[in-house]
Amino acid sequence: MERNTSQIMLKKTSRVTLRKTLRALRNELPKSQQQHASFAVRDNLLSLPDITNASSIACYLPNDGEVDLRPFMHACWELNKDAALHTSLPVLHPVCKGHLLFLRYTDKTPMRVNKYNIDEPILACPDVIPTFHHQVILMPLVGFDANGNRLGMGGGYYDRTLASIQTQTIRPKLIGIAHDCQQVDQLPVQHWDIPVNRIVTPTQQLTFNRA
């Protein structure tokens with residue numbers, strides 16, 4: 001069972017300190033627990049209508065103790081051998097600093113290591129899937145609370161990338177992915193933080209009513 005931090009009073013904790021604390025917690029999880037979390041999150045995601053009805057889902061590759069979505073992606077490919085479902089990964093935008101592009105991804109996609117030492121697809125324009133063409137975007141979280149507020153790594157990449165589609169009537173469902181130990185009582189929120197529609201952990205599926 002993952003360590004639960006939800007009873008820790010963190011309202012007065014700075015985002016920098018909170019980020020450091022929660023990153024340490026998820027990195028302390030033993031390998032067996034990380035593996036269990038990966039498969040439990042896979043199963044929870046596959047039970048969601050948002051996922052089963054989607055034709056394009058943005059994922060991510062794990063870094064810094066994040067929940068590994070590769071079992072989920074492999075399950076998607078197995079269930080959709082006719083290629084009706086596309087999975088994508090984020091790539092650092094080569095022109096718009098601080099933004100992301102999403103590129104189609106399979107287990108045969110050529111990869112490179114970016115400046116954060118994270119694997120990403122080699123940029124190829126035909127493989128770019130516009131952000132608003134996704135039905136679901138799965139986002140790694142550093143922390144979250146029961147109100148659907150999220151804390152990221154601090155770079156603001158997802159917030160900047162998603163800000164441009166928030167006024168659209170039809171836009172991707174945003175699902176945050178985290179370990180249970182990353183939940184806190186209440187997150188300090190900034191005006192630029194974009195909340196999620198759902199949060200999925202190994203033991204929870206939290207849904208929030210977003211306009």
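1. Basis of the values. The model is predicted: local features require pLDDT of at least 70, side-chain atom pairs count only at pLDDT 80 or more, and totals for chains, interfaces and linings use all residues. Residues are numbered from 1 along each chain as its sequence is written, and side-chain values use heavy atoms, with hydrogens and water left out.

2. Aromatic pair Trp77 and Tyr105. Rings of Phe, Tyr and Trp (its six-membered ring) pair if their centres lie within 6.5 Å; planes under 30 degrees apart count as stacked, over 60 as edge-to-face and the rest as tilted. By this rule there are two aromatic pairs. In one, the ring centres of Trp77 and Tyr105 are 5.8 Å apart with the planes at 50°, so the pair is tilted. Distant parts of the chain are linked here, 28 residues apart: Trp77 belongs to helix α4 (residues 70-79), and Tyr105 to the loop between β3 (100-104) and β4 (111-113). Helices (H or I, at least four residues) and strands (E, at least two) are DSSP runs, numbered from the N terminus. Both Trp77 and Tyr105 are buried, where buried means under 20% relative accessible area, exposed over 50% and partly exposed in between (1.4 Å probe, protein chains only).

3. Aromatic pair Tyr116 and Tyr157. The ring centres of Tyr116 and Tyr157 are 5.9 Å apart and the planes stand at 85°, so this pair is edge-to-face. Tyr116 lies in the loop between β4 and β5 (119-121) and Tyr157 in helix α5 (residues 157-163), 41 residues apart, and the pair links distant parts of the chain. Tyr116 is partly exposed at 42% relative accessibility, whereas Tyr157 is buried at 17%.

4. Largest pocket. A pocket is an open set of points on a 1 Å grid over the protein atoms alone, where a 1.4 Å probe fits, with protein on both sides within 12 Å along at least five of seven lines; lining residues have an atom within 4 Å of a point. The volume of the largest pocket is about 700 Å³, taken as the space filled by probe spheres set on the points, which are joined across faces, edges and corners. Its lining comprises 32 residues, with Pro140, Met153, Gly155, Tyr157 and Tyr158 nearest the centre. Two or more lining residues come from each of α1 (15-27), β2, β5, β8 (150-151) and α5; β2 gives the most, with four.

5. Ser88. This residue sits in strand β2 (residues 86-92) and is buried, with a relative accessible area of 0%. The side chains of Ser88 and His134 form a polar contact at 2.7 Å (a pair of N or O atoms within 3.5 Å; within protein, one must be able to donate a hydrogen and the other to accept it, and residues adjacent in sequence count only if both atoms are side-chain atoms). Contact means heavy atoms within 4.5 Å. Leaving aside residues up to four places away in sequence, Ser88 touches residues including Ile57, Phe102, Tyr105 and His134.

6. Thr131, in the loop between β5 and β6 (136-140), is buried at 14% relative accessible area. Beyond residues up to four places away in sequence, Thr131 touches Phe102, Ile137, Thr161, Leu162, Ile165 and Pro172. Ser38 lies in helix α2 (residues 31-46) and is buried at 4%; with the same exclusion, Ser38 touches Val67, Asp68 and Pro71.
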